[in-house]
Structures are given as C-alpha cells and as structure tokens.
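Work through the exercises below with the sequence and the model side by side. Try each task before reading its solution.

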Amino acid sequence: MKIFTTQLQGLLAKNEPDEDTLEDAARIICQAITSDGDLYIWSEGDLAGLSVQALSGSDPLKDCRELTSDHLPHLSPLDTLILASADRQSPAGKNLVQAANHAGTRLIGITSDSPLDENHGAPWTDKADVILSNGVKQGLIPQDDGSRIGTPHLLAALYLYYPLYFAVTEILEDIDETD
C-alpha cells in the first residue's frame, strides 16, 4: 500500500490541473447552466464513476443530466457535454464527439494519458474544446513479471473533478451576486 500511496501522491502532484484550462472548462459549463442550454455528462469504463458524482454525489454539478441516446438528436450549440473516458480512442466516445460537433455542442473531455493504438485512428480528444487529463498512463505498482497494477483512472479523474466543481460553483455564485 505504501508504494501505491507514494506513486499516487507523485502522480497527483505532477498533474495538478492547469488553472487556465480549468477556468475555460468551468466557464463553458456555466454558459450552458445560465443559458437556455443543457449540461450533459457521459462517462464509460474506469471513469463511469464521474457521472455518478456529477449527477448524484455529495457535490453534484448544478443542472447536470446524464446524456442518453434520446438527447442526441436534440443537442444544440447552447449545450455542453462532459465526456469522460480513460480510452482516448473509444468508439462510443468518438461517436458522441461526432454528434456533439455536428450539433455545435461544446465538449469538455476528461481522459487519461494511456498509450494510443495507431490502428484505431485519431483520438476523440482531438475534437474537444477543452481536455482535462488525469495523467494516468499505466498501473502504479510493478509486478515481478513486468506488468503493472493499481491503475487509478477514476481516483485521479476525481482529483480533476473537484477543482472543476469548485470553479463552477464560484462562477455561479458570482453571477448570482451580480443579478
């Protein structure tokens, strides 16, 4: 456990979210919340827990809804989609990004730094307005056979979620005070 904790602390310290990128993402989210648009989240695989947090956790994003296939035909330029997948080449992620881009919907991606497979084409992250990467490339604990275990995709992504949540909350409070 000590090796995992030490490696995790190093990963999180090295991947402190860039304030400008975080601020850009928060402003895009707030635009959807304060306009006639909708804020959606979609997540898969190791990052599926981000949707749970954003929708029904102790600190949910205001007015956030889970993106379903029913919403896709109704996406608009006023909407924002938060897409979270550790796989930057996810076929489902690519399809959602294509639908969002076609509708003019703003896109915030939360992903990992896992290696890309050149056989699967360009990553969906190339088409996002803002990308927040959790910095996870592989497991943190080496094994005797050369493999690695302890790949904290969700844990590191939640470390990105909270500063984003705080920034959104602060911007919305400022807007409420000026109204």
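**Exercise 1.** State the accessible surface of the chain and the share that belongs to carbon and sulfur atoms.

*Solution.* The accessible surface is about 9,600 Å². Carbon and sulfur atoms account for 49% of that surface. Areas come from the Shrake-Rupley method with a 1.4 Å probe. The model is predicted: local features need pLDDT of at least 70, side-chain atom pairs count only at pLDDT 80 or more, and totals for chains, interfaces and linings use all residues. Residues are numbered from 1 along each chain as its sequence is written, and side-chain values use heavy atoms, with hydrogens and water left out.

**Exercise 2.** Find how many positive and negative side chains the chain has.

*Solution.* The chain has 11 positive and 29 negative side chains. Place each charge at NZ of Lys, CZ of Arg, CG of Asp or CD of Glu. The centres of the two sets then lie 7 Å apart.

**Exercise 3.** Is strand E3 enclosed or open, and which strands pair with E3?

*Solution.* Strands are DSSP runs (E, at least two residues), numbered from the N terminus. Buried means under 20% relative accessible area (1.4 Å probe, protein chains only).

1. Five of the five residues of E3 (residues 80–84) are buried, so the strand is largely enclosed by the rest of the structure.
2. In a regular strand, side chains alternate between the two faces of the sheet.
3. On one side of E3, Thr80, Ile82 and Ala84 are buried. On the other, Leu81 and Leu83 are buried.
4. Pairing requires at least two DSSP bridges between two strands. E1 (residues 39–43) pairs with E3 in the parallel sense over five bridges. Ser43 has Ala84 as its bridge partner in E3.
5. E4 (residues 106–111) also pairs with E3 in the parallel sense, over five bridges. Ile82 has Ile108 as its bridge partner in E4.

Notes: Lys and Arg count as positive and Asp and Glu as negative; His and the chain ends are not counted. Buried means under 20% relative accessible area, exposed over 50%, partly exposed in between (1.4 Å probe, protein chains only). Helices (H or I, at least four residues) and strands (E, at least two) are DSSP runs, numbered from the N terminus.
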